[in-house]
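Please keep the sequence and the structure in view while reading.

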Amino acid sequence: MSREDSYYRILQSVSRLQFNISLILEAKAIDASRSSQWLCHHISSMQFENQGEQVAKTVEIHDHLLEVIDGLTKMELALSKNLQALLGDQEGGGANDPGITG
C-alpha cells in the first residue's frame, strides 16, 4: 500500500468519525430540546421551597450542559490536531514543519 493510499484511508476514517460525531450531536440536540421542553412545563417556582433552591437546581443543570459542551470541544480539538499533523506530514514537513505547533 502506497503512502497516498494510507493517507486516503486515514482521511476516510476521519470523515466517517466526524459523520458519526455529527449523528451523536444531532441526537444530543434532540434530547436537549426534549429536556428543555420538559423543564419548562414541569419545573416551576412552586416546586421549590425558596429562591435559593431554585437557583441552585438551575445552576446544576447549566453545569451539566457546560460539561457536555466542554467534552465535545476537547474531542473536536484533539481530532483537529491529529488531522493537522496528518496533513502537515503529508505535505512533506512532518514534525519538523514550522507550521505545526505542539
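The protein has two helices and zero strands, and the model shown here is a predicted one. The helices are α1, which covers residues 3-42, and α2, which covers residues 51-90.

**Confidence in the model**
- Across the protein the pLDDT averages 79, and 86% of the residues reach a score of at least 70.
- Over residues 93-102 the pLDDT stays under 50, and for this stretch the model has eight contacts beyond four places in sequence.
- Where pLDDT is low, the predicted coordinates should not be read in detail.

**Surface and burial**
- The accessible surface of the protein comes to about 8300 Å², and carbon and sulfur atoms account for 58% of that area.
- Of the 102 residues in the protein, 7% are buried.

**The largest pocket**
- The largest pocket has a volume of about 310 Å³, and its lining is made up of 14 residues.
- Those that lie nearest the centre of this pocket are K28, D31, A32, S35 and L65.
- Both α1 and α2 supply at least two residues each to the lining, with the largest share, eight residues, coming from α1.
- By residue class, the lining of the largest pocket divides into nine nonpolar, three polar and two charged residues.

**Y7, in helix α1**
- Y7 has its place in helix α1, and its relative accessible area is 8%, so it counts as buried, the cut-off being under 20%.
- Although Y7 and L86 are 79 residues apart in sequence, their C-alpha atoms are 7.8 Å apart in space.

**L25, in helix α1**
- L25 is also found in helix α1, but here the relative accessible area is 35%, and L25 is therefore classed as partly exposed, a label that applies between the 20% and 50% limits.
- From L25 to L72 the separation is 47 residues in sequence and 8.9 Å in space, taken from C-alpha to C-alpha.

**I43, in the loop**
- I43 belongs to the loop between α1 and α2.
- When residues up to four places away in sequence are not counted, I43 touches W38 and F48.
- The C-alpha atoms of I43 and Q54 are separated by 9.3 Å, while the two residues are 11 residues apart along the chain.

**In brief**

How values were computed: Residues are numbered from 1 along each chain as its sequence is written. This is a predicted model: local features need pLDDT of at least 70, side-chain atom pairs count only at pLDDT 80 or more; totals for chains, interfaces and linings use all residues. Side-chain values use heavy atoms; hydrogens and water are left out. Helices (H or I, at least four residues) and strands (E, at least two) are DSSP runs, numbered from the N terminus. Buried means under 20% relative accessible area, exposed over 50%, partly exposed in between (1.4 Å probe, protein chains only). On a 1 Å grid over the protein atoms alone, a cavity is a set of points where a 1.4 Å probe fits but cannot get out, and a pocket is an open set with protein on both sides within 12 Å along at least five of seven lines; lining residues have an atom within 4 Å of a point. Grid points are joined across faces, edges and corners, and a volume is the space filled by probe spheres set on the points. Ala, Val, Leu, Ile, Met, Phe, Trp, Tyr, Cys and Pro count as nonpolar, Asp, Glu, Lys and Arg as charged, and the others, Gly among them, as polar. Accessible areas come from the Shrake-Rupley method with a 1.4 Å probe; for residues, only the protein chains shown count as cover. pLDDT is the predictor's confidence in each residue, from 0 to 100. Contact means heavy atoms within 4.5 Å.
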